Amino acid sequence: MSDELLYRYFKNEVTPQEVKEIEDWLAADPVSRQREFDAAHMLFNAMVLQEGGWYSGKAGPEKRMPVPVSVRKKSGRIWWRTACSVAAAVALLAGVGYAGMYLKEEMMYKDFSSRINTIEVPAGEMLSVTLQDGTEVFLNGGSRLEYPVVFSKDRRVVRLSGEAYLDAAHNPGRPFVVKTFASEVEVLGTEFNVLADEDNGIFSTTLVSGKVKVTTLGGDEYEQVILAPDEKVKIVDNHLVVSKVKAKDDVSWMGGYINLRDVNFVELMHRFESMYGVDIIIARDSVPDVGYLSGKIRVSEGIDFALHILQEACDFTYEKDSGTNTVIIR
């Protein structure tokens with residue numbers, strides 16, 4: 001029996017034919033499959049604890065809860081490792097059987113909030129994810145997101161490597177926090193973009209709406225800034241630097257565009273790598289200046305088109321190795 005079908009059953013979103021499929025599945029082996037069904041129901045309940053406590057039985061239309069995570073794939077293949085599944089729950093709870101349904105909420109919180117799910121998006125692809133609390137996360141290519149099966153009661157914490165646009169669900173009592181290699185970005189309910197490229201030492205956060213607090217990581221000494229909409233913070237020489245931007249330009253990647261405004265050549269090459277799924281080597285002593293003050297490149301036109309457009313404003317040549325999927329900038 002698939003996890004997805006059972007979750008839809010608990011949400012009262014199945015067809016009569018699917019109800020019969022579940023009933024026939026249970027009838028075929030009432031003892032062991034009832035235990036698996038109960039474990040799946042317990043896991044589902046754990047996912048929605050913080051949305052209003054326990055609920056039992058099938059939810060009516062007025063009590064429908066969100067599926068813990070829904071994934072809408074933009075294109076191609078995605079690697080998705082889940083640290084907690086119904087099968088894992090069955091293994092965990094088989095020893096306690098039906099009595100496990102009455103475990104205390106605090107025990108469930110501690111257990112499931114310690115279990116981490118991981119999503120990795122290959123370069124050249126994009127993915128949108130709706131987390132259990134309703135937060136929407138749009139991941140760019142080459143990004144990695146780690147999040148707990150159930151958020152803790154005081155804070156909702158995820159860890160990001162790469163780039164993501166987040167529309168955090170409003171919950172003043174439980175701030176939403178994005179941890180990266182360089183900083184923590186804390187919000188109460190807002191839309192913002194985070195770029196955290198540890199390999200190349202690049203970090204930035206752009207605020208679209210609401211308010212975020214960005215705090216650097218680094219022991220006793222740290223910096224902290226609060227952003228207003230259309231502001232961007234970057235780390236420059238180990239310090240947070242805030243500037244005014246057009247936020248819609250920084251999130252244009254979600255619509256399939258690469259922004260040319262206020263981006264240096266090195267950052268642009270890293271963006272090309274994530275958007276086109278190629279490796280780019282800059283094999284020259286100096287880095288060209290990007291001559292564009294504004295503009296966008298449509299990703300669907302391809303890497304050659306993007307490089308030719310850039311050559312109109314920058315002095316460089318390039319070579320492509322299709323065998324290794326590498327572009328060499330000279």
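What does Lys-234 count as by its relative accessibility?

Guide: Lys-234 counts as partly exposed, because its relative accessibility is 22%. The cut-offs here are under 20% relative accessible area for buried, over 50% for exposed, and partly exposed in between, with a 1.4 Å probe and protein chains only.

Some ground rules before going on. The model is predicted, so local features need pLDDT of at least 70 and side-chain atom pairs count only at pLDDT 80 or more, while totals for chains, interfaces and linings use all residues. Numbering runs from 1 along each chain as its sequence is written, and side-chain values use heavy atoms, leaving out hydrogens and water.

Back to your lysine. The side chain of Lys-234 makes a salt bridge with that of Glu-267, at 3.1 Å from N to O; the criterion is a Lys or Arg side-chain nitrogen within 4 Å of an Asp or Glu carboxyl oxygen. This pair joins distant parts of the chain, with Lys-234 in strand E14 and Glu-267 in helix H7, 33 residues apart.

The whole structure holds 13 salt bridges.

Asp-249 forms a salt bridge with Lys-296, and their closest N and O atoms are 3.0 Å apart. This one connects helix H6 with strand E18 (residues 296–298), spanning 47 residues. Asp-249 counts as buried at 8% relative accessibility, and Lys-296 as partly exposed at 42%. Elsewhere, Glu-120, Arg-144 and Glu-146 are linked in a salt-bridge network.

Three strands make an open, mixed sheet in the order E17-E20-E19, where pairing takes at least two DSSP bridges between two strands. E17 (279–282) and E19 (318–321) are the edge strands with a single partner each, so one side of each has no neighbour in the sheet. From one strand to the next the twist averages 20°. E17 runs parallel to E20 (residues 326–329), with four bridges between them, and Asp-279 has Thr-326 in E20 as its bridge partner. Helix H7 (residues 265–276) packs on this sheet, touching E17 and E20, at about 155° to the direction of E17. Helix H8 (residues 303–311) packs on the sheet as well, touching E19 and E20, at about 170° to the direction of E19. Contact means heavy atoms within 4.5 Å; axes are lines fitted to C-alpha atoms, for helices over the stretch in contact, with angles from 0 to 180 degrees between N-to-C directions.

Next, the nonpolar side. A core is a set of buried Ala, Val, Leu, Ile, Met, Phe, Trp, Tyr and Cys residues joined through side-chain atoms within 4.5 Å. The largest has 31 residues, of which Leu-139, Phe-176, Phe-192 and Val-214 touch the most other members. Strand E7 gives the most to this core, with four residues. Apart from it lies another core of 28 residues, including Val-263, Phe-265, Cys-314 and Tyr-318. Leaving aside residues up to four places away in sequence, the contacts of Phe-192 include Tyr-165, Leu-166, Val-178 and Val-208.

That brings us to ring pairs. The structure has five aromatic pairs. Tyr-9 and Phe-37 are edge-to-face, 5.8 Å centre to centre with 70° between the planes. Tyr-9 is in helix H1 (residues 3–10) and Phe-37 in helix H3 (residues 30–47), 28 residues apart. Tyr-9 is buried at 17% relative accessibility, as is Phe-37 at 11%. Phe-138 and Tyr-165 have ring centres 6.0 Å apart and planes at 55°, so that pair is tilted. It links strand E5 (residues 136–139) to strand E7 (residues 156–167), with Phe-138 and Tyr-165 27 residues apart. Phe-138 is buried at 16%, and Tyr-165 at 8%. Pairing of Phe, Tyr and Trp rings (six-membered ring for Trp) needs centres within 6.5 Å; planes under 30 degrees apart are stacked, over 60 edge-to-face, the rest tilted.

How values were computed:
Helices (H or I, at least four residues) and strands (E, at least two) are DSSP runs, numbered from the N terminus.
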